[in-house]
Amino acid sequence: MGKSLLFIFVFFALSCAEKTVVVKEEPKSRAPGMAVASGKAVENGKKQLSKGHCKQAIHEFYKALEKDPQNFEALYWLGVAEGVCGYYPQAYDRLTFVVRYAPDDIWRARVYATMGITLLYMGKEDDAVAYFEKARAIDPRNELVVAYYENDHKKNKKHKIKKRPKDREGYEITFRWMY
């Protein structure tokens, strides 16, 4: 009799208990295949860029962003490709946008340094110094900072640019970060 009484009590308790069902609509995300396709387009864009085909690279990076608008690499390398093609204002604007999405401090320093080199190409040395200094504060060994920015630690010494980039050489330093 004890077991049946316990069964009735449990059954009654469970049937009378309030049941709250929370239905939450999951945000719609891109299919995993889109992220893979975006990554492949980025790789194709980087190959084109390393061969010096900046317009084809730009096309590939746009394809990557169509598939995944949040692809940091596609955004960054698109800015580099725009710079290689000589579209410096667009490259600078793109890099200004992308720095907010840098996945870590090393990439943040790279974006700042790339902004600095872009500003050098635009003839804006004082602005370039500010970005090289930001990059140096995060990563003093950043290749662009080392190549183009001179920071003398002595008092009253002005920070200055070591040299101006020729042709694509400044952007070609960034190619080391591709892989």
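The questions and answers below set values computed from this predicted model against the definitions behind the terms.

The model is predicted, and local features need pLDDT of at least 70, side-chain atom pairs count only at pLDDT 80 or more, and totals for chains, interfaces and linings use all residues. Residues are numbered from 1 along each chain as its sequence is written, and side-chain values use heavy atoms, with hydrogens and water left out.

Q: Why is the pair of Trp 77 and Trp 107 called edge-to-face?
A: Rings of Phe, Tyr and Trp (its six-membered ring) pair if their centres lie within 6.5 Å, and planes under 30 degrees apart count as stacked, over 60 as edge-to-face and the rest as tilted. The structure holds eleven aromatic pairs; in this one the ring centres are 6.5 Å apart and the planes stand at 85°, so the pair of Trp 77 and Trp 107 is edge-to-face. The pair links distant parts of the chain, with Trp 77 in helix H4 (residues 72-84) and Trp 107 in helix H6 (residues 105-121), 30 residues apart. Phe 72, Tyr 76, Trp 77 and Trp 107 form one aromatic cluster.

Q: Why do Trp 77 and Trp 107 count as buried?
A: Buried means under 20% relative accessible area, exposed over 50%, and partly exposed in between (1.4 Å probe, protein chains only). Trp 77 has 0% relative accessibility and therefore counts as buried, and Trp 107, at 13%, counts as buried too.

Q: What makes the pair of Tyr 92 and Tyr 131 edge-to-face?
A: The ring centres of Tyr 92 and Tyr 131 are 6.1 Å apart and their planes stand at 75°, so this pair is edge-to-face. Tyr 92 belongs to helix H5 (residues 88-98) and Tyr 131 to helix H7 (residues 125-138), 39 residues apart, and the pair links distant parts of the chain. Tyr 131 is buried, its relative accessible area being 15%.

Q: How do you know that Arg 110 lies over the face of Trp 107?
A: A charge sits over a ring if NZ of Lys or CZ of Arg is within 6 Å of the ring centre and within 35 degrees of the ring normal. Arg 110 lies over the face of Trp 107 at 4.7 Å from the ring centre, and Lys 46 lies over the face of Tyr 179 at 5.0 Å from the ring centre.

Q: Why is the link of Cys 54 and Cys 85 called a disulfide, and which parts does the pair tie together?
A: A disulfide is a pair of cysteine sulfur atoms within 2.5 Å, and the sulfur atoms of Cys 54 and Cys 85 are 2.0 Å apart. Cys 54 lies in helix H3 (residues 54-67) and Cys 85 in the loop between H4 and H5, so the pair ties together parts that are 31 residues apart in sequence. The link is right-handed, with 110° about the S-S bond. A search of the whole structure finds one disulfide. Cys 54 counts as buried at 12% relative accessibility, and Cys 85 counts as buried at 19%.

Conventions:
Helix = DSSP H or I, 4+ residues; strand = E, 2+ residues; numbered from the N terminus.
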